[in-house]
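Welcome! Here are a few exercises to work through with the structure open beside you. Try each task before reading its solution.

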Amino acid sequence: MTRPIILSLSQCTDLDLVGGKAVGLARLITRGFPVPEGFCVTTEAYTQCVHASGFMEHEEWQKVCALSGNERASALAGCRNRIGRIETSQLATQCVTALQALTQPSNTRWAVRSSATNEDAAHTSFAGLYRTHLGVALSDIEAALKDLWVSLWDERVVSCQARQSNHMAPRMAVVIQPMVEAQSAGVAYSIHPVTGRSNQVTINAVLGLAAPLVDGTVAPDQYVVEVTDNGQPTRVRRRMLVRKSARLLVSSDGLRTDPLSGATTLQSSLTDVQLFSLAETAKHIERSFGQPMDLEWAFDTRQLWIVQARPITAVR
């Protein structure tokens, strides 16, 4: 049976075909949590395109793994160069057609995110290993997609696979969703990630999009919300606000950085109502998945959105 090259997010149940990130989003959608609509370009698309070009990824991976130092770096650079030249115009046309079929305005900007087969698994998350493209125009979808394929062939990926005693080449699926016009965004842990306390939801938040928080270029506001045994928030136990100089926003023209001044620089990224809503949702997702969860989220002017959910693989 022919494996699909594009799947709606709700259909993303096969980890080998769509990767960990897409599987997590599909589980959220199935359980009724708010996830931006979108689809996944599957690992089958990656495999078909690289094989059609004569690039046999498993053979090349074994060659790379057998090398070290400058020889490995040179071999990886060669692999990235070859993948960067692969013909993908037909796939790009299919992606654009699928995006245009979604109920989104014509000037929508898109988030293009990795969902590799070694990402967001129950025991190893590989978080932050691959690139993310935000605010992408329809005309740039092909370049962003191919860049994520290229990112598989990086020394960090080879080293991470080796540390897991996994010598198989990972494959890349790609999740494409409309950008959330975030007023605030960040990460949430359904338990305290340091102490492991299950009655404390920990939230890191910034104004605007979460990208500066995720890449470590800005410090977040930090909150700890106490919850009851059944996940009902009772109080904000801890609130540490930082001075803010700017926020990253998305518009029909792409991403822009807005400077902040005056009272806004000391404004809390989240209201208490939002904190309680997010904490309650985090505990609900934890119960639904049957384990503590690490979430990425965003509030726009209407509601809370969950844009990623992965298991917490270790309590520090």
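**Exercise 1. Find how strand 3 and strand 5 pair, and which residue W110 faces.**

Solution. Keep in mind that this model is predicted. Begin with strand 3 (110-116) and look across to strand 5 (172-178). Between strand 3 and strand 5 there are 7 bridges, and the pairing is antiparallel. Now pick out W110: its opposite number in strand 5 is P178.

Next, turn to strand 2 (residues 39-41), which also runs antiparallel to strand 5 and is joined to it by 3 bridges. Here F39 has I176 of strand 5 as its bridge partner.

**Exercise 2. Work out the order of the strands in the sheet, and which strands stand at the edges.**

Solution. The open sheet is formed by 5 strands in the order 1-2-5-3-4, with antiparallel pairing. Strand 1 (6-8) and strand 4 (132-136) each have a single partner strand, so one side of each has no neighbour in the sheet. On average, neighbouring strands are turned by 25 degrees against each other, direction ignored.

**Exercise 3. Decide whether strand 5 is enclosed or open to the outside, and sort its side chains by direction.**

Solution. Start with a general idea: side chains in a regular strand alternate between the two faces of the sheet. In strand 5, M172, V174, I176 and P178 point one way. A173, V175 and Q177 point the other way. Now check burial: 7 of the 7 residues of strand 5 are buried, so the strand is largely enclosed by the rest of the structure.

**Exercise 4. Which residues touch the most other members of the largest nonpolar core?**

Solution. This core has 39 residues, and the ones touching the most other members are V41, L91, W149, W153, V174 and I176. Helix 6 (residues 141-150) gives the most to the core, with 6 residues.

Take L91 as a test case. Leaving aside neighbours within four places in sequence, L91 is in contact with I5, V41, A45, C49, L145 and W149. Another core lies apart from this one; it has 37 residues, among them L25, C40, A279 and W297.

**Exercise 5. How many salt bridges does the structure hold, and where do the partners R171 and D16 sit?**

Solution. The count is 18 salt bridges. In one of them, the side chains of R171 and D16 meet at 2.4 Å, N to O. R171 sits in the loop between helix 7 (155-163) and strand 5, while D16 is in helix 1 (residues 15-30), so the pair links parts of the chain 155 residues apart. To judge burial, use the limit of under 20% relative accessible area: R171, at 15%, is buried, whereas D16, at 35%, is partly exposed.

Compare K63 and E60, whose closest N and O atoms are 3.7 Å apart. They are 3 residues apart in helix 3 (residues 57-65), which means about one helical turn separates them. E60 is buried at 13%.

Finally, look at D258 and R256, with closest N and O atoms 3.0 Å apart. D258 is buried at 17%, and R256 is partly exposed at 37%. Elsewhere, salt bridges with shared partners join R3, D14, D16, E44 and R171 into one network.

Definitions and conventions: Residues numbered from 1 in each chain as written. Predicted model: local features only at pLDDT ≥ 70, side-chain atom pairs only at ≥ 80, totals over all residues. Heavy atoms only, no water. Salt bridge = Lys/Arg side-chain N within 4 Å of Asp/Glu carboxyl O. Helix = DSSP H or I, 4+ residues; strand = E, 2+ residues; numbered from the N terminus. Buried < 20%, exposed > 50% of the residue type's maximum accessible area, 1.4 Å probe, protein only. Core = buried A, V, L, I, M, F, W, Y, C linked by side-chain atoms within 4.5 Å. Contact = heavy atoms within 4.5 Å. Pairing = 2+ DSSP bridges. Axes fitted to C-alpha atoms, helices over the stretch in contact; angles between N-to-C directions.
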